[in-house]
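These are my notebook entries on a structure that I had not examined before. I begin with the chain as a whole and then turn to single elements and residues.

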Amino acid sequence: MKFTKSLLYFLSILFLASCNKDDQKIDFTFLQLNDVYEIAPIQGGEYGGMARVETVHKELLQENPNTMLFMAGDFLNPSLLGTIKVDGERVRGKQMVEVMNAMNFDLVAFGNHEFDVSKQDLQKRLNESTFSWITANVKQKTKEAAIPFYKEVNGHKEHVGETFIKEFSDADGTKIKVGFISVCIPSNPKEFVEYSNMFVKARAAYAAVKDSVDVVFGLTHVKINNDKRIAKLIPNLPLIMGGHEHTNSYDTIGNVLIAKADANAKTVYVHRISYDKKTKKTSVKSELKEINATIKSDEKVAEIVNKWQTILTSKIKEIIQNPDEVIFKASTPLDGRDTPIRSTQTNLGQLITKAMSFGFNDEVDCALVNGGSIRIDDQLSGHITAVDIFRVLPYGGEVLKVEIKGRLLKRVLDYGVLAAGNGAYLQRYNAEKVGDTWMVKNQELDINKTYTVAFSDYLLKGFDIPFLSEENKEVLSIYTPKAEELNFDIRKAVISYLKTI
């Protein structure tokens with residue numbers, strides 16, 4: 001009996017020893033988001049929502065304390081909330097930083113939309129953030145020189161690094177160091193921003209950090225073809241977490257994985273990573289997780305989201321009574337992404353310009369809106385609410401009925417085509433170019449004729465098209481809608497039109 005007890009004790013010690021045996025691996029988890037502009041659920045509450053993401057984040061932390069939360073660029077703009085004023089000041093991403101602070105984000109990359117906001121507003125957001133930022137190829141221009149962006153905390157400047165290092169520990173206290181590099185697409189030129197070559201800087205950042213860490217990962221905001229080129233240039237990156245495209249993708253270039261989630265947290269990527277300390281090899285298992293109504297909202301984050309949504313709803317109700325009403329179901333996604341909306345005719349652009357004509361009982365010859373007025377940089381699908389239309393056209397504005405000479409209309413239409421790639425590109429209704437000929441209402445444009453055109457009010461200010469303003473002698477008359485008319489606010493016209501189709 002005594003022998004049996006001793007044997008059992010010995011076996012139990014062996015068992016426990018085997019359980020605690022170092023398997024030479026350290027496991028850690030990355031939770032990746034990219035291109036998030038809305039803190040609340042979208043598409044009628046079906047998808048997204050940062051409070052839901054935080055629930056997933058906390059579950060992953062319970063599963064493995066070695067978990068990091070990332071944003072692969074684009075979060076300060078565009079958003080409907082960002083355009084409203086609170087206490088006399090436009091929000092400009094303040095709501096996003098407050099939510100991300102509460103979620104304890106670990107590291108964020110600069111995206112091109114971070115530079116939509118002014119230098120002063122960007123500095124405020126940097127100062128407010130409690131998370132770390134990273135970029136290797138973007139600096140702040142000053143009169144003297146280009147310097148790193150920085151946070152100013154209690155009078156102390158903390159520079160944004162070109163690289164970032166995180167230390168992980170396993171159960172026995174063994175540690176590894178994980179490095180990160182980041183670059184941003186140079187697609188948003190601003191006077192206060194200097195872009196360096198993304199490929200040169202990515203390689204330089206990798207060279208600078210690789211000998212100080214055990215493994216290096218990418219956190220980028222560039223086009224997928226750029227990510228693929230970076231993967232070829234730096235083949236030892238196990239994973240590049242990217243943004244910019246807004247549509248989820250998962251590619252393999254050599255041994256490098258490139259992951260992008262859907263915009264506005266419709267999905268997130270969960271990367272479970274294992275580093276073998278003996279072989280120095282890294283394995284990655286990625287899961288694309290849909291963020292939907294089945295995920296409970298985290299109470300702490302939901303409280304902040306609800307605070308901002310209450311402010312937003314009160315502002316919208318000044319224009320329309322029922323902001324959350326589902327007004328349309330889009331079986332085909334309506335394309336409001338920046339690149340197409342500023343370079344080609346999209347179904348969303350057509351819908352908006354049709355609505356502008358509808359607002360005048362179709363008593364116009366054509367309707368034109370500048371692509372830059374459409375600010376959502378996303379696709380709308382499924383159930384669309386009035387709030388979604390406010391997201392598409394956050395600045396609103398009147399639709400003007402303008403009598404204009406055919407000669408000037410042709411100049412405007414030609415200018416819009418030549419402006420492809422920027423905000424002056426025109427989305428059109430009943431104006432189409434066939435070969436070298438402009439057709440208006442299926443009739444060849446007559447430069448000597450007078451046309452009645454529905455214009456977004458911004459276009460008549462001469463900012464996008466310098467020669468188009470009320471001072472031009474070929475602008476014969478301008479009708480401004482009254483407050484009770486649909487076209488008093490372009491968003492009211494679009495919402496009303498959608499309800500009819």
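Entry 1. I note at the outset that the model is predicted. I looked up cysteine 184 and found it buried, because its relative accessibility of 0% is under the 20% cut-off. I then looked up cysteine 366, which is likewise counted as buried at 0% relative accessibility. A disulfide is a covalent bond between the sulfur atoms of two cysteines. I searched for such bonds, taking sulfur atoms within 2.5 Å as the criterion, and the count came to 0 disulfides.

**Entry 2. The whole chain.** I recorded 13 helices and 29 strands in the chain. The C-alpha trace spans about 110 × 50 × 50 Å along its principal axes. How many of the residues count as buried? The share is 53% of the 501 residues. I also looked at contacts with a separation of 6 or more, and 72% of these join residues 24 or more positions apart.

**Entry 3. Surface and charge.** I noted an accessible surface of about 22600 Å² for the chain, with 49% of that area belonging to carbon and sulfur atoms. For charge, I found 64 positive and 65 negative side chains. The centres of these two sets lie 4 Å apart.

**Entry 4. The partners of strand 14.** I next asked which strands pair with strand 14. Strand 12, residues 175-181, pairs with strand 14 in the parallel sense over 4 bridges. Within this pairing I noted that phenylalanine 180 has phenylalanine 217 of strand 14 as its bridge partner.

**Entry 5. Proline 148.** I located proline 148 in the loop between strand 8 (146-147) and strand 9 (150-153). Proline 148 counts as partly exposed because its relative accessible area, 28%, falls between the limits of 20% and 50%. Setting aside neighbours within four places in sequence, I found proline 148 in contact with Lys139, Gln140, His159 and Val160. I also checked the distance from proline 148 to glutamate 162: they are 14 residues apart in sequence, and their C-alpha atoms are 8.7 Å apart.

**Entry 6. Backbone angles.** Most residues other than glycine have a negative phi, and most peptide bonds are trans. The peptide bond from asparagine 77 to proline 78 is cis, with omega near -5 degrees. Proline 78 itself is placed in the loop between strand 2 (67-71) and helix 3 (80-83).

Asparagine 264 has a positive phi of about 55 degrees, and I found it in the loop between strand 17 (256-260) and strand 18 (267-276). Asparagine 430 also has a positive phi, near 65 degrees, and lies in the loop between strand 24 (426-429) and strand 25 (431-434). Are these asparagines buried or exposed? Asparagine 264 is buried, with a relative accessible area of 1%, whereas asparagine 430 is partly exposed at 28%.

Definitions and conventions. Residues are numbered from 1 along each chain as its sequence is written. This is a predicted model: local features need pLDDT of at least 70, side-chain atom pairs count only at pLDDT 80 or more; totals for chains, interfaces and linings use all residues. Side-chain values use heavy atoms; hydrogens and water are left out. Buried means under 20% relative accessible area, exposed over 50%, partly exposed in between (1.4 Å probe, protein chains only). Helices (H or I, at least four residues) and strands (E, at least two) are DSSP runs, numbered from the N terminus. Contact means heavy atoms within 4.5 Å. Accessible areas come from the Shrake-Rupley method with a 1.4 Å probe; for residues, only the protein chains shown count as cover. Lys and Arg count as positive and Asp and Glu as negative; His and the chain ends are not counted. The place of a charge is taken as NZ of Lys, CZ of Arg, CG of Asp or CD of Glu. Two strands pair if DSSP finds at least two bridges between them.
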